[in-house]
Amino acid sequence: METIISSPSVSPLFNPKPSSLQPNSKSLYLTKPIISSSLKKHSVQSVKTSLPTIPTSWVSHAQQGLAALALSLALSFSPVLTSGNALASEFDVINEGPPKGSYVVDDAGVLSRVTKSDVKRLLQDLEDRKNFQINFITVRKLTSKADAFEYADQVLETWYPSVEEGNNKGIVVLITSQKEGAITGGPAFIQAVGEAVLDATVSENLPVLATEEKYNEAIYSSAKRIVAAIDGLPDPGGPKVNENKRESNFKTKEETEEKRGQFSLVVGGLLVIAFVVPMAQYYAYVSRK
């Protein structure tokens with residue numbers, strides 16, 4: 001045991017003493033980083049000197065400019081995404097059912113309080129006398145249906161699933177962004193109003209006044225014209241049609257496909273320019289060296 005404890009390799013652990021080897025070990029630890037750092041600096045400098053100097057400033061500016069141009073064109077040519085609120089409000093009108101006592105669902109928010117009150121008074125009197133219930137709906141934009149007629153039919157079928165429930169009901173829809181409207185209803189309602197008045201209201205009162213953004217007048221004049229037809233009174237007529245031909249801003253399938261093809265072609269060309277042209281310029285620069 002004594003021999004093992006007095007061994008020179010183990011004794012420093014229990015009785016540390018100054019040794020002549022310690023300065024040497026310190027000198028080794030001090031010199032090692034100096035040699036390593038000098039080698040690293042030398043290697044980095046040699047790599048830097050071996051590479052040619054590339055003027056990348058104008059290339060990067062060109063790439064950034066082309067990328068910005070491609071992004072702006074993509075945003076301008078791409079179809080506008082529908083927000084979640086617009087999509088939700090369109091279906092909320094259907095899911096919430098017919099209005100209770102107001103006869104008006106102003107989802108587009110374009111009707112004044114006076115117009116809502118006048119329409120309610122007019123249609124309440126009609127329902128009390130003739131037992132016909134008419135509901136007016138304003139929607140800013142359609143996302144689920146192609147036009148106002150399809151949406152009006154969907155509302156009627158959802159609110160009044162059976163023929164008996166919807167027999168004496170009428171639905172009038174106004175789409176403010178498309179400047180068009182539609183009227184639908186049960187068999188008794190259609191017969192009481194008449195095809196002539198229905199067609200005239202859809203083609204005159206709703207679109208003409210909506211094009212001029214007179215939404216309050218469009219709704220109230222349509223209500224008075226329908227009520228007068230049910231009461232058997234003379235047709236008050238619609239607004240004067242301007243000389244400008246009414247054009248629908250609803251895009252057809254062919255127009256949408258053509259727009260999509262132009263968008264793909266433009267973006268693809270810009271991407272090719274953004275990646276190929278800088279590479280070709282770099283190759284030409286290197287080949288001159």
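This is a predicted model: local features need pLDDT of at least 70, side-chain atom pairs count only at pLDDT 80 or more; totals for chains, interfaces and linings use all residues.
Helices here are DSSP runs of H or I at least four residues long, numbered from the N terminus. Just after α11, Gly232 takes a positive phi of about 80 degrees.

Now step back into α11 itself, which covers residues 215–230. How far apart should the ends of this helix be? At 1.5 Å a residue, its 16 residues should span 22 Å, and the end C-alpha atoms lie 23 Å apart, which agrees.

Four strands make up an open sheet, ordered β1-β2-β3-β4, with mixed pairing. At its edges sit β1 (104–106) and β4, each of which pairs on one side only. From one strand to the next, the twist averages 10 degrees. Strands of a sheet pair through backbone hydrogen bonds, either parallel or antiparallel. In this model, β2 and β3 run parallel and are joined by seven bridges. To find your place there, look for Ile137, which stands opposite Val173 in β3. Helix α11 packs on the sheet, where it touches β2, β3 and β4, and its direction makes about 160 degrees with that of β2.

Helix α7 (residues 148–159) lies across β1, β2, β3 and β4, and runs at about 35 degrees to β4. The length check works for this helix as well: at 1.5 Å a residue, the 12 residues of α7 should span 16 Å, and its end C-alpha atoms are 16 Å apart, which agrees.

Which residues of α7 are buried? They are Ala148, Tyr151, Ala152, Val155, Leu156 and Trp159. These residues cover an arc of only 135 degrees around the axis, which puts them on the same side of α7. Finally, take a look at the start of α7, where a side-chain oxygen of Asp147 reaches to within 3.3 Å of the backbone nitrogen of Phe149.

Methods:
Residues are numbered from 1 along each chain as its sequence is written. Side-chain values use heavy atoms; hydrogens and water are left out. Helices (H or I, at least four residues) and strands (E, at least two) are DSSP runs, numbered from the N terminus. The expected span of a helix is 1.5 Å times one less than its number of residues. Two strands pair if DSSP finds at least two bridges between them. Axes are lines fitted to C-alpha atoms, for helices over the stretch in contact, and angles run from 0 to 180 degrees between N-to-C directions. Contact means heavy atoms within 4.5 Å. Buried means under 20% relative accessible area, exposed over 50%, partly exposed in between (1.4 Å probe, protein chains only). The arc is that of the directions from the helix axis to the C-beta atoms. A polar contact is a pair of N or O atoms within 3.5 Å; within protein, one must be able to donate a hydrogen and the other to accept it, and residues adjacent in sequence count only if both atoms are side-chain atoms.
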